[in-house]
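Good morning, and thank you for coming. Please look at the sequence and the structure as I show them.

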Amino acid sequence: MTGNKITNMIHYSDLNKPLVLSAIYTQIAYCEIAIREYLKCKNKYGNNEEELKNFLESMKIKVPCIEKHIRDAIKRFDCNKKNNIETNVLDELHFYDELILFRELISMLSDDQIIKFKENVNLDGNKITLYKNLRNYIMHSKKQIIKKKIYDITKWVDFLKTCQNIISYVETCLNSRN
């Protein structure tokens, strides 16, 4: 892996080495940060505390499956704020919720850039659940995470490519804004 790209072929056993696992971990974490930055900058409400809460409240109506998660994130944010912990409400969301919110925001767009992005990235419910599970698996890893089974390797490659595509899309969007 180089930066946010997979640049060479590697053997499946290499994927279980600490150096590679840390690179995968870093790429997933960076993807999460990129999604949060996109949500912060591209929602129609704004990016201060109350505006972000309003954005999440509006999304509870649009995407009822994450209503409880949003409510919990707002509670965690309010608790952390009382305890003087520096955070924002988007930091309190889970990866699953971030992916759903990201999918919902980009579903409203139709420019050439987003059409190309949607051709390369599938964020339907099943994929989001799979990506959440893979993310949790790597973030709370044990030995021999990735087995020799081809479908296992294919899932990981698909997930990492999706992370790369999300990062690239978000960086392009946020850089064009400046």
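Which contact joins the side chains of E49 and K81? A polar contact of 2.5 Å joins them; a polar contact is a pair of N or O atoms within 3.5 Å, where within protein one must be able to donate a hydrogen and the other to accept it, and residues adjacent in sequence count only if both atoms are side-chain atoms.

A word on the source. This is a predicted model, in which local features need pLDDT of at least 70 and side-chain atom pairs count only at pLDDT 80 or more, while totals for chains, interfaces and linings use all residues. Residues are numbered from 1 along each chain as its sequence is written, and side-chain values use heavy atoms, with hydrogens and water left out.

E49 belongs to helix α2; helices are DSSP runs of H or I with at least four residues, numbered from the N terminus. Apart from neighbours within four places in sequence, E49 touches F77 and K81, contact meaning heavy atoms within 4.5 Å. E49 and K81 also form a salt bridge, with the closest N and O atoms 2.5 Å apart; the term requires a side-chain nitrogen of Lys or Arg within 4 Å of a carboxyl oxygen of Asp or Glu. This pair links distant parts of the chain, since E49 is in helix α2 and K81 in helix α3, 32 residues apart. E49 is partly exposed, at 37% relative accessible area, and K81 is partly exposed as well, at 42%. Here buried means under 20% relative accessible area, exposed over 50%, and partly exposed in between, with a 1.4 Å probe and protein chains only.

K62 lies in helix α2 and E104 in helix α4, so the pair ties together parts 42 residues apart in sequence. K62 is partly exposed at 42%, whereas E104 is buried at 14%.

Which residues of α2 are buried? They are L52, K53, F55, L56, M59 and K60. They cover an arc of only 155 degrees around the axis, which puts them on the same side of α2; the arc is that of the directions from the helix axis to the C-beta atoms. Their cover includes α1 (18-42), α3 (67-82) and α4 (95-107).

Finally, at the start of α2, a side-chain oxygen of N48 comes within 3.1 Å of the backbone nitrogen of E50. Thank you for your attention.

Terms used: Helices (H or I, at least four residues) and strands (E, at least two) are DSSP runs, numbered from the N terminus.
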